[in-house]
Amino acid sequence: MKLINFILLLLIVPFITLAQQAVSLEDCYDLATKNYPLAKQNSLLSQKMDLEIETLSKDYLPKIDLNAQATYQSDVTQVPVKIPNSTINPLNKDQYRATLDINQIIYNGGLQEVNNKIKETQTKVQQQQVAVNLYQLKTRINQLYFSIFLLQERAEILLAKQEQLKSKIAEVKTAVKFGAILPASEKVLEAENLRIKQQLSEIKFDKKRALESLSLLTYTPFEENVNLVKPISNLDTNTANNRPELKLFDLQNEQIEVSKTAISKNNLPKIKAFGQAGYGNPGLNMLDNSFQTFYMLGLKANWNVFDWNKSKTEKEILSVSENIVSTEKETFLLNNNLQLQEMNNEIQKLQEIINTDLEIIALREAVLKSSDAQLKNGVITASDYIVEFTNLYETKTNYKLHEIQLLLAKANYKTIQGY
């Protein structure tokens, strides 16, 4: 039983490995968003916000201060008149006091809530800026992904070309053996086969170098034989703009509005309760020249009724900041629409080129078929055949190049659009 399970495992593992080597463009996006060092800032910013809010909440807990002082005065308060049958001792010039002071905010105009909101919106803005920076990786990933995909497709075309050439070499060898074709024809075909091997070798190293760059962006190692999946070419040009920059502009405006609210609340009345307990000489009774305990309780209100229009000016500054954000958003949308228009024109151009490529391929295949018959009958040389053979596969390569350029243009369109 164990032997059967082991054999089954050996059969299954290669399929699992091959499946693991298939990578899509969306996979690369996800890997970069998850693994790129900048992505770690989101959790750090949340942690920082929690600590800041915790710090702010402590400002609304009772403040407890322990104070002590000892002084020596050059003079003290004295009663200027003498009271019959009574003796009032003058205060000591050395005086001592130790107090425990407690202050508690009762009402501060709702500043605690608005300060917490400021920290929350500030964190959202910073996190969205991280999202914007991460999103910009998409363009670089698109370039690398489709460069590798093109190399992958070129390799497949060259392998198909090589297989067809090997078949033709076998035919020519037979023809040479029976004297139907000159031996030099075989040499010409063999030289072309070596050139294909050389091209495959170049593609191998170019792909390796591009994969290393993609690995650095996604922080994920890729094997050399990784299979990049052909992206779906569907494109909806009527989809609404979903760029992360737009959300960033909205969050910046939200942060400005919260700051305006904080300015308004900062001018509201503040009420505090306070208490003091102490021990000293003298105490609260200044006529009792001895050490005494004492305490004091009370309420304190503060209201800045006139701040020389400071709050008004601060709000005007924030309004200017809102206008700046609006102009930045307007500029971004203008440039974004220009990019979409340019990319849309590029897509239409490539679609027309591809349609022409298909027509050229059909014509080249017909010409090669005719050249193949002519070579067998000795009408043309192997060099003439190789010219038409190469022309066909160059046309197929151009077709693949244009097809992948179209896929790249559509991927870039989606990226510019925010998807």
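1. Trp308 is found in the loop between strand 6 and helix 8 (310-376). Helices (H or I, at least four residues) and strands (E, at least two) are DSSP runs, numbered from the N terminus. Trp308 has a positive phi of about 55° although it is not a glycine. At 72% relative accessibility, Trp308 counts as exposed. Buried means under 20% relative accessible area, exposed over 50%, and partly exposed in between (1.4 Å probe, protein chains only).

2. A word on the basis of this note. This is a predicted model, in which local features need pLDDT of at least 70 and side-chain atom pairs count only at pLDDT 80 or more, while totals for chains, interfaces and linings use all residues. Residues are numbered from 1 along each chain as its sequence is written, and side-chain values use heavy atoms, with hydrogens and water left out.

3. Asn309 sits in that loop between strand 6 and helix 8 too. Its phi is positive, about 65°, although Asn309 is not a glycine. Asn309 counts as partly exposed, because its relative accessibility is 45%. Most residues other than glycine have a negative phi, and most peptide bonds are trans.

4. The peptide bond from Asn281 to Pro282 is cis, with omega near 0°. Pro282 is placed in the loop between strand 5 and strand 6 (292-302).

5. Leu392 belongs to helix 9 (residues 382-417). Leu392 counts as buried, because its relative accessibility is 4%. Not counting residues up to four places away in sequence, Leu392 touches Ile361, Arg364, Glu365 and Leu368. Contact means heavy atoms within 4.5 Å.

6. Next, the annotated stretch. The "coiled-coil region" at residues 333-360 comes from an unreviewed UniProt entry. UniProt positions are given in the numbering used here, feature names are shortened, and annotations may be inferred rather than shown by experiment. In the model, residues 333-360 are 100% helix and 0% strand. The end C-alpha atoms of this span lie 40 Å apart.

7. Helix 5 (residues 137-177) holds Gln162. With 41 residues at 1.5 Å a residue, helix 5 should span 60 Å; its end C-alpha atoms are 59 Å apart, which agrees. The expected span of a helix is 1.5 Å times one less than its number of residues. Just after helix 5, Gly179 takes a positive phi of about 80°.

8. Gln162 counts as buried, because its relative accessibility is 7%. Leaving aside neighbours within four places in sequence, Gln162 is in contact with Asn193, Ile196, Lys197 and Leu200. Lys166 also lies in helix 5. At 39% relative accessibility, Lys166 counts as partly exposed.

9. Helix 4 (residues 111-135) packs against helix 3 (residues 41-58) at an angle of about 170°, with their axes 10 Å apart. Axes are lines fitted to C-alpha atoms, for helices over the stretch in contact, and angles run from 0 to 180 degrees between N-to-C directions. Helix 3 and helix 4 are therefore roughly antiparallel to each other. Angles under 35 degrees count as roughly parallel, over 145 as roughly antiparallel, 65 to 115 as roughly perpendicular and the rest as oblique. Residues making the contact include Leu45, Met49 and Ile53 of helix 3 and Asn116, Thr123 and Val130 of helix 4. By class, this contact of helix 3 with helix 4 has 5 nonpolar, 10 polar and 4 charged residues. Ala, Val, Leu, Ile, Met, Phe, Trp, Tyr, Cys and Pro count as nonpolar, Asp, Glu, Lys and Arg as charged, and the others, Gly among them, as polar.

10. Helix 4 has 25 residues and reaches 36 Å from its first C-alpha to its last, close to the 36 Å expected. Its buried residues include Asn116, Thr123 and Val130. Among the elements covering the buried residues of helix 4 are helix 2, helix 3, helix 5 and helix 9.

11. Helix 2 (residues 25-35) and helix 6 (residues 183-218) cross at roughly 50°, and their axes come within 7 Å. The two helices are therefore oblique to each other. Cys28, Leu31, Ala32 and Asn35 of helix 2 meet Leu214, Leu217 and Thr218 of helix 6. This contact of helix 2 with helix 6 has 5 nonpolar, 2 polar and no charged residues.
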